[in-house]
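Okay everyone, thanks for coming. Let me put the structure up and talk you through a few salt bridges and a helix pair.

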Amino acid sequence: MSGAREARVVVTYAADEAERAAQRAEFDALGGVTFLVDLQGEARTAALGAAEALICWRLDRDLRPGEAQTATRARLVQLMSAGADHVDFGALPPGALLASNVGAYADPMAEHALAMVLALAKRLPANHARLAAGEFAQEATLRLRGGVAAIVGFGGIGRACARLLRCLGMRIQAINTSGRTDEDVEFVGTLDDLERVLRAAHVVVLSIPLTRATRGLIGARELGWMRPEAILVNVARGAVADEGALFEHLRANPSFTAGIDAWWDEPRGGGPFRPARPFLELPNVLGSPHNSGLVPGVMADAAVAAARNVARFLRGEPPAGLQRAEDYGS
């Protein structure tokens with residue numbers, strides 16, 4: 001059941017064969033799936049008009065001008081991405097809900113965050129540079145066991161980070177929207193408790209979505225609450241932290257370290273990386289090119305996660321990761 005008129009689900013982006021296989025397996029018994037990139041002209045319009053759900057990366061790039069408004073039966077738009085900060089809610093099909101792909105990249109991102117925490121705690125980049133310069137300085141590094149890891153954003157990624165950091169003997173304090181969790185934590189609260197957890201933390205992991213409420217969440221005041229030797233790792237979005245405040249704090253406090261995977265101005269299409277401030281010239285910064293979630297097979301795994309969420313919706317069950325337009329925008 002994969003004809004354009006019969007399929008209940010349309011995949012709007014160019015899915016590879018592994019992703020297509022996962023999507024077909026999930027939807028064959030639920031009304032089928034159509035891959036929009038295989039269609040032209042009236043067939044595209046018919047497929048979009050029949051769809052009850054769309055799976056996309058970015059509708060503004062996947063679809064041609066005006067096509068979103070032809071998806072009049074669509075009740076759900078499912079993102080392949082975990083973040084929804086790029087979405088123009090006004091351009092969604094009329095009346096459609098939006099779901100992000102929550103937790104789809106959590107495990108590799110948690111591994112990446114752990115690698116950054118360990119590298120910074122043990123001063124590996126700085127000591128490597130000193131060795132390369134001929135300096136053999138045997139100085140003490142940080143102990144993580146017994147310390148507090150604050151996870152700011154305790155969704156799928158945050159929980160995966162906590163599980164790994166807990167294995168190191170760290171105590172977990174968490175921030176989420178409800179102030180509740182079934183996970184093994186020392187403390188859980190909301191953003192109202194941010195000062196408490198930042199003051200307690202030896203390690204802070206930012207894994208919170210970028211919304212109106214979290215843009216610039218970590219500024220000069222919040223950095224001032226943190227320990228002089230704290231480690232900050234951002235695997236969320238660059239704009240969750242105030243770029244200028246973070247740079248000045250790192251420059252003024254050499255014992256404070258930061259692992260930055262998500263940047264404020266990221267090039268598209270393989271363009272050159274030219275950050276507004278020279279973070280990578282600072283010895284207390286470890287950077288990566290926003291690739292914390294990129295490991296072999298992850299896109300097929302993400303396709304499975306997105307398809308299963310859509311399948312729940314088609315079966316009448318509540319989907320995960322629903323996003324509200326009022327949480328986004330300036």
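First, a term: buried means under 20% relative accessible area, exposed means over 50%, and partly exposed is in between, using a 1.4 Å probe and protein chains only. This is a predicted model, where local features need pLDDT of at least 70 and side-chain atom pairs count only at pLDDT 80 or more, while totals for chains, interfaces and linings use all residues. Residues are numbered from 1 along each chain as its sequence is written, and side-chain values use heavy atoms, with hydrogens and water left out.

So, R315 is partly exposed at 43% relative accessible area, and E317 is partly exposed too, at 35%. These two form a salt bridge, with the closest N and O atoms 3.4 Å apart; that term needs a Lys or Arg side-chain nitrogen within 4 Å of an Asp or Glu carboxyl oxygen.

How many salt bridges does the structure hold? The count is 19. In one of them, E222 pairs with R221 at 2.9 Å between the closest N and O atoms. E222 is buried at 8% relative accessibility, whereas R221 is exposed at 58%. There's also a network of salt bridges linking R8, E52, R73 and R75.

Now the helices, which are DSSP runs of H or I with at least four residues, numbered from the N terminus. In α4, residues 106–121, A106, M109 and L114 are among the residues that meet α6, where contact means heavy atoms within 4.5 Å. On the α6 side, residues 156–167, the partners include I157, C161 and L165. That's my tour, thanks!

Technical notes:
Axes fitted to C-alpha atoms, helices over the stretch in contact; angles between N-to-C directions. Helix = DSSP H or I, 4+ residues; strand = E, 2+ residues; numbered from the N terminus.
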